[in-house]
Amino acid sequence: EAQAQARQNAYDLLEQALSQQWLSLHYQPILCISGAEAGRITGVEALLRIRHPEQGVLAAQTFISALDAPHLARPVGRWVLQQAMGQAQFWNAQGLHLGMMVNISAVHFLSPDWLGDLNEALTAHPGLQPAQVKIEITESGALRDLDVAARVMMNSTHAGVRIALDDFGQGETTLRYLQRLPAHTIKIDQSFVRDMIDDPHDYAIVVGLLDMASLMGLITVAEGVESEGAMQLLAS
């Protein structure tokens with residue numbers, strides 16, 4: 001009962017935030033640590049927040065359970081697409097060309113409305129190159145319907161955007177699933193990255209994922225890098 005009430009509270013909060021225009025995006029930098037662009041910020045990830053008039057800025061953990069609600073997933077996803085692309089287009093006009101990673105609910109991504117919403121947002125921002133946009137879907141979300149996910153990913157790629165599998169390694173992914181999903185990027189979950197310096201098991205998992213991604217020609221993003229030591233270890 002307590003869990004059901006918590007979910008309902010999250011639904012109510014997100015619905016109110018959408019109607020009252022409390023939603024906002026924060027941008028987390030993505031730093032390149034190898035190759036010719038090493039040391040440069042090459043992109044950002046758009047993080048959804050609620051600016052509550054009484055409680056202040058609320059992180060996604062407060063309302064994340066509501067993001068897959070059927071009546072909220074699409075309107076929130078459309079808002080995020082428009083805002084993130086608008087920001088990237090503005091930066092382009094200022095001479096700052098950055099990739100823009102956008103998290104999309106699996107419910108929205110796998111729905112019949114997704115491709116129309118994506119193309120609508122791209123058309124509304126002609127000063128933005130579609131290749132600058134990278135759509136993130138969680139690994140577990142993609143596995144809800146593997147065939148549909150693979151088809152939607154391919155069609156999204158035809159629209160010019162890139163696809164990233166978020167929280168990679170956290171779910172029940174197999175190499176067969178990864179082989180069938182036409183993703184360009186995998187994002188290693190921070191639960192492995194955070195302790196990889198001190199935990200040999202986490203280190204082994206990260207190294208294994210990096211080797212696999214390299215062999216498959218995938219770009220890899222490590223989440224949760226909060227120290228110089230972790231960055232140097234990843235670079236090595």
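The model is predicted, so local features are taken only at pLDDT of at least 70 and side-chain atom pairs only at pLDDT 80 or more, while totals for chains, interfaces and linings use all residues. Residues are numbered from 1 along each chain as its sequence is written, and side-chain values use heavy atoms, with hydrogens and water left out.

**Nonpolar core**

- The largest nonpolar core has 63 residues, of which Ile50, Phe109, Ile135 and Leu165 touch the most other members; such a core is a set of buried Ala, Val, Leu, Ile, Met, Phe, Trp, Tyr and Cys residues joined through side-chain atoms within 4.5 Å, where buried means under 20% relative accessible area, exposed over 50% and partly exposed in between, for a 1.4 Å probe and protein chains only.
- Helix H2 (residues 70-93) gives the most to this core, with eight residues; helices (H or I, at least four residues) and strands (E, at least two) are DSSP runs numbered from the N terminus.
- Leaving aside neighbours within four places in sequence, Ile50 is in contact (heavy atoms within 4.5 Å) with Leu13, Leu14, Ala17, Trp22, Leu23, Gly56, Val57, Leu58 and Phe63.

**Helix pairs**

- The axes of helix H1 (residues 2-19) and H2 come within 11 Å and cross at roughly 35°, with axes being lines fitted to C-alpha atoms, for helices over the stretch in contact, and angles running from 0 to 180 degrees between N-to-C directions.
- In this pair, Tyr11, Leu14, Glu15 and Leu18 of H1 meet His71, Leu72, Pro75 and Val76 of H2.
- Helix H4 (residues 114-123) packs against helix H6 (residues 146-158) at an angle of about 20°, with the axes 11 Å apart, and the two are therefore roughly parallel to each other, a term that covers angles under 35 degrees.
- Trp114, Leu115 and Leu118 in H4 meet Val152, Asn155 and Ser156 in H6.

**Loop residues**

- Leu67 is found in the loop between strand S3 (56-58) and H2, and its C-alpha atom is separated by 8.0 Å from that of Leu14, although the two residues are 53 apart along the chain.
- Not counting residues up to four places away in sequence, Leu67 touches Leu14, Leu48, Ala73, Val76 and Ser105.
- Gln21, in the loop between H1 and strand S1 (23-31), has a positive phi of about 60° although it is not a glycine, and at 71% relative accessibility Gln21 counts as exposed.

Definitions and conventions: Parallel < 35°, antiparallel > 145°, perpendicular 65-115°, else oblique.
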